[in-house]
Amino acid sequence: GLCGFLEAGVYFGLNRFWYYEPIVNSNSHGLHIFTPYYGAESNFHLIPFLFTEPCSSFDWYIPIKFGGYYFNVPEGSAPERGFYTEFGLGTGIAYYPLKNTGIFIEYSIGRYGYYLNKPRSEFDNALSTNLRFGVSMKFKKS
């Protein structure tokens, strides 16, 4: 936490993507791959502005994300092997049953579609949505 309504941190996880293997004898198959993603995030917390004495177990926030993922597929696959950029803005809720550990769910709009860009390309105007959930760990400023 940076102050009562703003925090910054890093994120990482795994996502399941579709890809098509290289065409051999006019055939190609769609397969799944688990791909790591990572990045930096800043959260703007809304609850401190709505309640004078907010409950410390629940959180509602606006996340801003910038990161990427590495698509490790065979050469000639679609989409191509390489690093892809992601960014987004959305909303999220979290519940902290333990002091610094909780669960969250976030929905964002931004650039998350791996068919919308090529590795190492410039930003384009295509937007997609993203839904993520997982475990959150907070290290609050004392």
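## Salt bridges and a greasy patch

Arg81 is partly exposed, with a relative accessible area of 32% (buried is under 20%, exposed over 50%, partly exposed in between; 1.4 Å probe, protein chains only). This is a predicted model, where local features need pLDDT of at least 70 and side-chain atom pairs pLDDT 80 or more, while totals for chains, interfaces and linings use all residues. Residues are numbered from 1 along each chain as its sequence is written, and side-chain values use heavy atoms, leaving out hydrogens and water.

Arg81 pairs up with Glu75 in a salt bridge, 3.2 Å from N to O (a side-chain nitrogen of Lys or Arg within 4 Å of a carboxyl oxygen of Asp or Glu). Glu41 sits in strand S2 and Lys65 in strand S3, 24 residues apart (strands are DSSP E runs of at least two residues, helices H or I runs of at least four, numbered from the N terminus). Both Glu41 and Lys65 are buried. Glu106 also bridges to Lys65, with the closest N and O atoms 2.7 Å apart. Because Glu106 lies in strand S5 and Lys65 in strand S3, this pair ties together parts 41 residues apart in sequence. The count of salt bridges comes to 4.

| Residue | Relative accessible area | Class |
|---|---|---|
| Glu106 | 5% | buried |
| Lys65 | 7% | buried |
| Leu50 | 52% | exposed |
| Glu75 | 61% | exposed |

Leu50, in helix H1, is part of a nonpolar surface patch whose members include Phe49, Phe51 and Trp60, with about 1,100 Å² accessible together (Shrake-Rupley, 1.4 Å probe, only the protein chains shown as cover). Patch residues have over 30% relative accessible area and no salt bridge; like charges are joined within 9 Å, nonpolar side chains (Val, Leu, Ile, Met, Phe, Trp, Tyr) within 5 Å. Helix H1, strand S5 and strand S6 each supply at least two of the patch residues.
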